[in-house]
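Take a look at the sequence and the 3D structure below. Keep both in view as you read.

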Amino acid sequence: MGNINQSIAELVGRTPLLQLNGYIRSQKLEAEVIGKLEYFNPNQSVKDRIALAMIEEAEESGELKKGDTIIELTSGNTGIGLAAIAASKGYPFRIYIQDQVSKERFQVIHAFGGETVKLSEVPEIAESMEKYGPDFIECVKALERAVKDEKNIWFADQSRNTANPNIHFKTTGPEIWQDTDGGVDIFVGCVGTGGTLSGVGNYLKSKNPDIKIVAVQPTEDSFQSPERPEQEEITGVHPFENVEERFIPANLDRKVYDEWYEVHTDQAYEAARELARKDGILVGVSSGAALYVATLLAKKPENKGKKIVALFPDTGLRYLSTHLYEAE
Ligand code: PMP
């Protein structure tokens, strides 16, 4: 039979670890900094894992049936992952997406035959944003109100769907454990829905409770505001510390992380650019943020010789229309 895959579902996961030797030398680090390269997934992000897991779990439970339209509210990668799996399985797909995310994201979803609806075009969501600002959780509630009378739809709902952290517990965590021969000391991950950090963190701690789990959030001035209308954000990553309880996604297990750090977009950009120059890999902004924190940890004397794994959620190619890799 050879080794011929029969659907993109078979290409999801089993992504490689890469020790960032060029970067380690250029930064004079004395710890081993290792990237988990999630852009090796078939649609170039960690979200392919949850897209497949959420759809297959809903098919098995009967919640998602042939002919249903899959819907989701995302800033991009989950939408792309879902659109691709939906295309390959024959489901119509509709994404509700922030107006200001990069143009590439809209193009890719349209390429998969998916429909995009900007949040500002849905009266219930526009109303919610006027009242609460761009809060993701309030937007999800507004979307539920907007589609409540529509038949034959299935809402993937990544911030509450437990298939999200569960697939990281079942696959991403074990891959890191096996590929380091159980030698990982510290895991660094960004938080959006919290699915990656909670699933990987809980798995690694179940194998060795001494493994340190480190969470990353954006600084407040990494967000667009009337004072900073041009500010580029760490797409897909949201604050979870020093925020109101209602902003914290259900899928973030707040007991799983030992420490958390804040990163500014510019710090994330600089780390990602240096990685491209020294190791020849192109990653997205949140990967740069995870690498920036891994670097801070690698510089601490107590972490000398330790293995620090940072998860890189997506590819830098998804950011070519931003300033991330703009020629200087
Ligand atoms: N980085 C990027 C680029 C993302 O799209 C996301 C998901 N929104 C994350 C990081 C955070 O991952 P999670 O939702 O699993 O916390």
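One point comes first. This is a predicted model. Every value here is computed from it.

Start at the ligand. Which residues come nearest to it? There are 16 residues around the ligand, and Lys-47, Gly-192, Thr-193, Thr-196 and Ser-286 come nearest. Five of its residues are nonpolar, nine are polar and two are charged.

Now look at single atoms. The side chain of Lys-47 places an N or O atom 2.7 Å from an oxygen atom of the ligand. Thr-193 also uses its side chain: one of its polar atoms lies 2.7 Å from a ligand oxygen. Gly-236 uses its backbone. There, an N or O atom sits 3.0 Å from a nitrogen atom of the ligand. How much of the ligand does the protein bury? Taken alone, the ligand exposes 390 Å². The protein buries 96% of that.

Next come the salt bridges. Side chains of opposite charge can pair when their charged atoms come close. A search of the whole structure finds 24 such salt bridges.

Take Arg-49 and Glu-175. Their closest N and O atoms are 2.9 Å apart.

Helix 2 takes part in another pair. Here Glu-56 forms a salt bridge with Lys-89, and the closest N and O atoms are 3.2 Å apart. Lys-89 lies in helix 3 (residues 77-89), while Glu-56 lies in helix 2. The two are 33 residues apart, and again the pair links distant parts of the chain. What about exposure? Lys-89 has a relative accessible area of 25%, so it counts as partly exposed. Glu-56 has 29%, so it is partly exposed too.

Arg-277 and Glu-274 both lie in helix 9. They are three residues apart, which is about one turn of the helix. Their closest N and O atoms are 3.0 Å apart, and they form a salt bridge. Helix 9 spans residues 265-279.

Compare the two partners. Arg-277 counts as partly exposed because its relative accessibility is 48%. Glu-274 counts as buried because its relative accessibility is 13%, and the cut-off for buried is under 20%. Which residues does Glu-274 touch, leaving out those up to four places away in sequence? They are Tyr-23, Ser-26 and Gln-27.

Salt bridges can also join into a network. Find Asp-135, Glu-138, Lys-141, Glu-244 and Arg-246. These residues are linked in this way.

Finish with the backbone. Most residues other than glycine have a negative phi, and most peptide bonds are trans. Two residues here are worth checking against that rule.

One of them is Lys-28. Its phi is near 55°, a positive value in a residue other than glycine. Where is Lys-28? It sits in the loop between helix 1 (21-26) and strand 2 (32-37). Lys-28 counts as exposed because its relative accessibility is 70%.

Asp-157 is another case. It is not a glycine, yet its phi is positive, at about 60°. Asp-157 also lies in a loop, between strand 6 (153-155) and helix 7. Is Asp-157 buried or exposed? Asp-157 is buried, because its relative accessible area is 12%. Leaving out residues up to four places away in sequence, Asp-157 touches Glu-72 and Val-140. Pro-313 is 156 residues from Asp-157 along the chain. The C-alpha atoms of these two residues are separated by 19 Å.

Methods
Residues are numbered from 1 along each chain as its sequence is written. This is a predicted model: local features need pLDDT of at least 70, side-chain atom pairs count only at pLDDT 80 or more; totals for chains, interfaces and linings use all residues. Side-chain values use heavy atoms; hydrogens and water are left out. A residue is near a molecule or strand if one of its heavy atoms lies within 4 Å of it. A polar contact is a pair of N or O atoms within 3.5 Å; within protein, one must be able to donate a hydrogen and the other to accept it, and residues adjacent in sequence count only if both atoms are side-chain atoms. Accessible areas come from the Shrake-Rupley method with a 1.4 Å probe; for residues, only the protein chains shown count as cover. Ala, Val, Leu, Ile, Met, Phe, Trp, Tyr, Cys and Pro count as nonpolar, Asp, Glu, Lys and Arg as charged, and the others, Gly among them, as polar. Helices (H or I, at least four residues) and strands (E, at least two) are DSSP runs, numbered from the N terminus. Buried means under 20% relative accessible area, exposed over 50%, partly exposed in between (1.4 Å probe, protein chains only). Contact means heavy atoms within 4.5 Å. A salt bridge is a side-chain nitrogen of Lys or Arg within 4 Å of a carboxyl oxygen of Asp or Glu.
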